[in-house]
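Here's a quick walk through one protein model, written for someone who likes to think in contacts and charges. Have the viewer open and follow along.

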Amino acid sequence: MQIKIVNKSNHELPHYETIASAGMDLRANISEPRVLKPLERSIVGTGLFIELPLGIEAQVRPRSGLAAKKGITVLNAPGTIDADYRGEIGVILVNLSNEEFIINNGERIAQLVIAKHERAEWNEVETLSETDRGEGGFGSTGVK
């Protein structure tokens, strides 16, 4: 699949690191380092603008290494970029650690996954079919 991209950053285009990678790293495009204090959130620009085909979305997801090692994650994970959005890709980062985190220009801050999606039409009914699970949710299928 080909996707149009405008790169207004000084960084390379996002790319897959391995043949089996689902996501491509997004890099911070900032003029100076930014401090993210504990429990603070910030929208970090990437300098990237994309044009997705209809039926395709881009998902902004956390990088597992940043989350595990530094407590930095994407607040609205996954963040959705719709096919009709033409603005800069921004990443809402949040610091869930007890220490300040410094975001540097060019730092890999999130990953981008390209995915197909379906549009649904509602069929309003009075009842739903029965299942073994029924109304059980929020851990109801786990080991007891």
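This is a predicted model: local features need pLDDT of at least 70, side-chain atom pairs count only at pLDDT 80 or more; totals for chains, interfaces and linings use all residues.

As background, nonpolar side chains tend to be buried together in soluble globular proteins.

## A serine in a loop

Is Ser97 buried or exposed? Ser97 sits in the loop between strand 9 and strand 10, and at 16% relative accessible area it counts as buried because the cut-off for that label is under 20%. Beyond the four places on either side in sequence, Ser97 touches Pro38, Leu39, Lys70 and Gly71.

The Ser97 side chain has polar partners too. It makes a polar contact with the side chain of Asn95 at 2.7 Å, and it reaches the backbone oxygen of Glu99 at 2.9 Å.

## Salt bridges

Side chains of opposite charge can pair when their charged atoms come close. The count here is 4 salt bridges. One of them joins Glu51 and Lys4, at 3.9 Å from N to O. Glu51 belongs to strand 5 and Lys4 to strand 1 (residues 4–7), so this pair ties together parts 47 residues apart in sequence. Glu51 is partly exposed at 34% relative accessibility, while Lys4 is exposed at 55%.

Another links Arg27 and Glu12, with N to O at 3.4 Å. Arg27 lies in strand 2 (residues 23–27) and Glu12 in the loop between strand 1 and strand 2, so the parts they tie together are 15 residues apart in sequence. Both ends are partly exposed: Arg27 at 24% and Glu12 at 47%.

## A buried charged pair

Asp25 and Arg63 also form a salt bridge, their closest N and O atoms being 3.4 Å apart. Asp25 is in strand 2 and Arg63 in the loop between strand 6 and helix 1 (64–70), so the pair ties together parts 38 residues apart in sequence. Here Asp25 is buried at 15% relative accessible area, and Arg63 is buried at 18%. Along with Arg108, these two residues are linked in a network of salt bridges.

Note on methods. Residues are numbered from 1 along each chain as its sequence is written. Side-chain values use heavy atoms; hydrogens and water are left out. Helices (H or I, at least four residues) and strands (E, at least two) are DSSP runs, numbered from the N terminus. Buried means under 20% relative accessible area, exposed over 50%, partly exposed in between (1.4 Å probe, protein chains only). A polar contact is a pair of N or O atoms within 3.5 Å; within protein, one must be able to donate a hydrogen and the other to accept it, and residues adjacent in sequence count only if both atoms are side-chain atoms. Contact means heavy atoms within 4.5 Å. A salt bridge is a side-chain nitrogen of Lys or Arg within 4 Å of a carboxyl oxygen of Asp or Glu.
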